[in-house]
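Trainee: Before I rely on any labels here, I would like to see each one set against its rule. Could we go through them together?
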Amino acid sequence: MISGEILGAIAMTEPGAGSDLAAMRTTAERTDTGYVLNGTKVFITNGLQAELVIVCAKTDPAAGAKGVSLFLVDTHLPGFSRGQGIRKIGQHASDTAELFFTELEVPHEALLGQEGRGFAYLMQELPRERLGVGAQAVGATEGVLALTLEYVQQRQAFGQRVADFQNTRFKLAEARARLEMAKAYLRQCIDQYLQGAMGPTDAAILKLMLTEMQCDIANDCLQLFGGYGYTLEYPVSRFFVDARVQTIYAGTSEIMKEVIARSMLGK
Ligand SMILES: Cc1cc2nc3c(=O)[nH]c(=O)nc-3n(C[C@H](O)[C@H](O)[C@H](O)COP(=O)(O)OP(=O)(O)OC[C@H]3O[C@@H](n4cnc5c(N)ncnc54)[C@H](O)[C@@H]3O)c2cc1C
């Protein structure tokens, strides 16, 4: 993976377990030679191309979150298969697939870390994923704003530039102001992360606010393009559809609010 020869994926989500990950049903049964995996995962990024998948599975189904373990699964092994690829409204450059494990045998060494600690490892690493999503939100918002700034200065309506309507000026100003606040918080989180001090609440606040900002601004920008914004000819439409999933994957906005509220109320 480090030399770029193979792509990896992480398979947590299942058809019946997304936000409520602990409800996952994929099992990994211990045998003399290793483990046998059975189950289905859905919405797995890089699922079509990955040669190594980190699979979350229950080694102790009765133990809830404490029964989850992580496995490094070589996708060339018998018992591994993938669906056709899920057709999405955006992010077409990224593949998203269903993965199936049927009596898939892996050796003991495929266990990543300790048995039963999988959920704890995920909780430890998910803030980093959310930091990445926050950084993407800032980059994409800068991109869509730059496109829009250019368009509104050349498009004319009622004998003036679209940029000259007060509504346009206010929308652009609001977007810029939100973006600058977002960049400041992102920088703060990156600094904390580098010092090993970014907590799950910081990451949840970042993901919630920055991805919601991205969706709002992509929506406002598309509006400023009028009908052209709704066409595939103008890249603003791609910014709009690509943004939409940002408040869903890596933990939905509602789950981010739960994480933040838990830090305030203790449960
Ligand atoms: C393009 C894409 C790429 C993805 N990549 C990956 C990947 O690589 N690996 C992976 O494992 N997963 C991946 N996912 C899955 C993603 O993380 C889940 O879709 C997400 O966590 C939500 O789970 P769900 O779809 O089952 O929705 P559900 O959990 O069914 O949620 C439905 C709705 O209920 C709300 N809800 C749920 N619980 C609560 C609650 N307690 N309080 C309030 N509201 C709640 C949700 O916020 C949401 O609005 C990807 C998804 C997409 C779309």
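Mentor: Helix 3 is followed by G226, whose phi is positive, near 60 degrees; helices (H or I, at least four residues) and strands (E, at least two) are DSSP runs, numbered from the N terminus. This is a predicted model, in which local features need pLDDT of at least 70 and side-chain atom pairs count only at pLDDT 80 or more, while totals for chains, interfaces and linings use all residues. Residues are numbered from 1 along each chain as its sequence is written, and side-chain values use heavy atoms, with hydrogens and water left out.

Trainee: What makes E125 in helix 1 a kink?

Mentor: The bend at a residue is the angle between axes fitted to the seven residues ending there and the seven starting there; at E125 the kink is about 30 degrees, shortly before the proline P127.

Trainee: Why is the pair K41 and E14 called a salt bridge?

Mentor: The term requires a side-chain nitrogen of Lys or Arg within 4 Å of a carboxyl oxygen of Asp or Glu, and the side chains of K41 and E14 meet at 2.9 Å, N to O. The pair links distant parts of the chain, 27 residues apart, with K41 in strand 3 (residues 34-45) and E14 in the loop between strand 1 (8-11) and strand 2 (27-30). The whole structure holds nine salt bridges.

Trainee: How many salt bridges are counted between domain 1 and domain 2?

Mentor: The count there is zero. The bounds, which come from an automatic or database domain assignment, are 8-114 for domain 1 and 120-265 for domain 2. Their contact (heavy atoms within 4.5 Å) takes 13 residues from domain 1 and ten residues from domain 2.
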